[in-house]
Amino acid sequence: MIISKTNIIAENSITLESGTLSSGALANLQDPDFSRLASSNSSTFEFTVDGIGSCEYIALHGLNLALGTVVTLTSPTVNKTFTVSRPIKNLVFYVGTATTVGDLTVSFAGSGQKVISYIQAGLVSHIAWGTNAGQSLYYLGSNVTNRVSANEAGFPVKRVQETIAPKLSLTFRNMYKDWARTELQEIFALYNETGVLSQLDYEEENKPDESCALFELTKAKVSTHSQTTTLVDVSLAFRVVA
């Protein structure tokens with residue numbers, strides 16, 4: 001598992017390379033308010049983020065893309081491609097060893113509307129043990145609730161659907177106390193600055209869609225270990241866009 005601990009593109013210049021905007025502005029992509037977005041109906045929507053420094057991840061959040069849309073990230077050192085095959089809201093691309101990205105071009109190609117709300121890129125904290133048993137993988141489930149009315153015969157006659165932002169609990173056991181003193185504090189610092197963190201559960205599986213945008217931190221507990229003073233247990237709770 002990786003969780004973002006820095007975002008180094010909050011003030012980089014963003015230039016439209018192809019297509020036209022149907023609503024919003026590219027500057028909105030640096031605002032963690034997801035209601036501020038950039039949208040295009042062009043068959044190819046492409047923009048460049050200038051001069052990105054050392055990165056381990058690149059995240060695209062608040063997405064609304066038609067099935068079949070091809071998403072491409074291209075720079076002198078990064079080349080990533082993803083084809084949308086199901087409804088998704090996030091793409092968190094794991095770059096690997098920190099590398100200077102340079103000018104990064106993000107391209108969406110295909111039919112239909114293309115919506116993106118927020119971008120992050122920078123360094124991550126690696127959670128060596130990854131997910132714990134029982135952790136919810138909301139990006140593989142359904143986050144749509146239904147309220148259905150029935151008539152006097154017991155037949156469904158009206159349905160109201162609502163997409164929710166569910167709560168996610170993360171438990172990291174047997175973490176080094178030094179990690180809590182350093183990297184966990186960097187995670188908190190980024191959260192306090194932006195209110196949004198990027199999370200990818202299985203970074204080695206090349207599944208950028210199996211990711212979340214974490215927001216509304218409601219629990220941040222560090223507890224002593226039962227057997228040693230060098231380890232701690234960490235519990236975090238967020239709401240998620242998944």
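Two strands count as paired if DSSP finds at least two bridges between them. Helices (H or I, at least four residues) and strands (E, at least two) are DSSP runs, numbered from the N terminus. The model shown here is predicted, so local features need pLDDT of at least 70 and side-chain atom pairs count only at pLDDT 80 or more, while totals for chains, interfaces and linings use all residues. Residues are numbered from 1 along each chain as its sequence is written, and side-chain values use heavy atoms, with hydrogens and water left out.

**View 1. Strand S7 lies beside S9.** Strand S7, residues 70–74, pairs with S9 in the antiparallel sense, and five bridges connect them. To find one of these contacts, look for Leu73, whose bridge partner in S9 is Val106.

**View 2. Strand S5 also pairs with S9.** Strand S5 covers residues 44–61 and S9 covers residues 90–109. The two run antiparallel and are joined by 14 bridges. Which residue of S9 is the bridge partner of His61? That partner is Asn90.

**View 3. Two phenylalanine rings meet.** Rings of Phe, Tyr and Trp (its six-membered ring) pair if their centres lie within 6.5 Å; planes under 30 degrees apart count as stacked, over 60 as edge-to-face and the rest as tilted. The whole structure holds six aromatic pairs. In the pair of Phe45 and Phe47, the ring centres are 5.7 Å apart and the planes stand at 55°, so this pair is tilted. Are these residues buried (under 20% relative accessible area), exposed (over 50%) or partly exposed (in between), using a 1.4 Å probe and protein chains only? Phe45 counts as buried because its relative accessibility is 0%, and Phe47 is buried, also with a value of 0%.

View 4. Phe47 forms a tilted aromatic pair with Phe108, with 6.5 Å from centre to centre and 40° between the planes. This pair links distant parts of the chain, as Phe47 sits in strand S5 and Phe108 in strand S9, 61 residues apart. Phe108 has a relative accessibility of 1%, so it counts as buried. Together, Phe45, Phe47 and Phe108 make one aromatic cluster.

**View 5. Stepping back to the chain.** Here you can look for two helices and 18 strands. Of the 242 residues in the chain, 45% are buried. Along its principal axes, the C-alpha trace spans about 60 × 55 × 30 Å.
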